[in-house]
Amino acid sequence: MADNYLEKKFEAMEHPAPKVVRKEGPTLDSLLIRNRSTRGFSHGRIVTLDELRQIVAVNMHIASSKNQQALRFKPVTAGPEADFVNKNIKMGALFRIKRATVPASPDCPDLPVPGTEPQAFIVVYGTHPEDTGLLIDLGISLQSMSLKAMELGLNSLMIRAFNREAMLELAGMPDSSLFPLAVLAIGKSAEKIFLVTTEGEASPSANPGGKPLDYFRKDGIHYVPKLALDKILI
């Protein structure tokens, strides 16, 4: 028995088992920090139908109010359908409001900037009109899909300002019982976006005169104020 033991030890020393290297994936915190609302997309990165299907697939694993699973999804890739969606959505609501008093400029652009329009979308529909449960489901779904997009190296924008009749036409069901709820734009960001921690009591120094929580642009960089932890704890 001793001889057999020593023989095995020598054999293990001469032929060590390969080390298993476990590649750690991105953490939730890292995905959340990188998961910024993007309003300018690179046309050099084509989003495929398979990638959109992977993103939609997260909905098979998330919470649903009363388990109704009342959301439906229309993936849209680059082409005539994407052009149609672009004509029927609006982006950058705060900039639109601001431009009522100041002209368009690099710090207050008319979005999307030409050449950075999103080229892929997931249009979200409900099987019944909006109610509290359905809107909670919608929020969970959009956040989950945007995080999956981030895992795939993509960025997104949740859009609720859109032409609902046009989105029904896109689904090919203008008289159906589907109810358009949101549009999720998907693509590779062409922007620089940073979070700015704020106490929420005064505008950031880089945005004088602006409201404390309004996102803003400065020197081509998009900034998003976020309340400090102590401000959201009760």
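**Aromatic pairs.** I searched the whole structure, which is a predicted model, and the search turned up 3 aromatic pairs.

I took F95 and Y215 to begin with. Their ring centres are 5.3 Å apart and the planes sit at 80 degrees, so I logged this pair as edge-to-face; the cut-off for that label is over 60 degrees. F95 is in helix α5, while Y215 is in the loop between β6 (192-198) and β7 (216-218), so the pair ties together parts that are 120 residues apart in sequence. Both F95 and Y215 are buried.

Next I looked at F216 with Y223. Here the centres are 5.2 Å apart and the planes are at 20 degrees, so this pair goes down as stacked. F216 has a relative accessibility of 4%, so I count F216 as buried. I also noted that F194, F216 and Y223 are linked by ring pairs into a cluster.

**Charges over rings.** I went back to Y215 and asked what sits over its ring. It is the charged end of R39, 4.4 Å from the ring centre. I found another arrangement of this kind at F162, where R164 lies over the ring face at 4.1 Å from the centre.

**The loop between α5 and β3.** I moved on to T116, which lies in the loop between α5 (93-98) and β3. Is T116 buried or exposed? Its relative accessibility is 16%, and the cut-off for buried is under 20%, so T116 counts as buried. Its side chain reaches the backbone oxygen of V113 at 2.6 Å. I then left aside the neighbours within four places in sequence and listed what else T116 touches: R39, G40, F41 and H43.

I checked the peptide bond from L111 to P112 and it is cis, with omega near -5 degrees.

**Helix α4.** I wanted to know which residues of α4 (residues 80-87) are buried. They are A82, V85 and N86. Looking down the helix axis, I see the buried residues fall within an arc of 100 degrees, so they line one face of α4. The face turned away from that buried side carries P80 and K87, which are exposed. For packing partners of the buried residues, I wrote down β2 (71-76), β3 (120-126), α7 (164-170) and β5 (179-189).

**Positive phi.** I checked the loop between α3 (49-56) and β2, where K66 lies. The phi of K66 is near 55 degrees, a positive value in a residue other than glycine. N67 is in the loop between α3 and β2 too, and its phi is likewise positive, near 55 degrees. I looked up exposure for each. K66 has a relative accessible area of 78%, so K66 is exposed. N67 has 53%, so N67 is exposed as well.

**Whole chain.** I finished with the totals. The chain has 8 helices and 8 strands. Of its 234 residues, 35% are buried. The chain exposes about 14,400 Å², and carbon and sulfur atoms supply 57% of that. Taking contacts between residues at least 6 apart in sequence, I noted that 79% join residues at least 24 apart.

Note on methods
Residues numbered from 1 in each chain as written. Predicted model: local features only at pLDDT ≥ 70, side-chain atom pairs only at ≥ 80, totals over all residues. Heavy atoms only, no water. Buried < 20%, exposed > 50% of the residue type's maximum accessible area, 1.4 Å probe, protein only. Helix = DSSP H or I, 4+ residues; strand = E, 2+ residues; numbered from the N terminus. Arc of directions from axis to C-beta. Contact = heavy atoms within 4.5 Å. Polar contact = N/O pair within 3.5 Å; in protein donor to acceptor, adjacent residues only side chain to side chain. Areas by Shrake-Rupley, 256 points an atom, 1.4 Å probe, with all protein chains shown as cover. Phe/Tyr/Trp six-rings, centres within 6.5 Å; stacked < 30°, edge-to-face > 60°. Lys NZ or Arg CZ within 6 Å of the ring centre and 35° of its normal.
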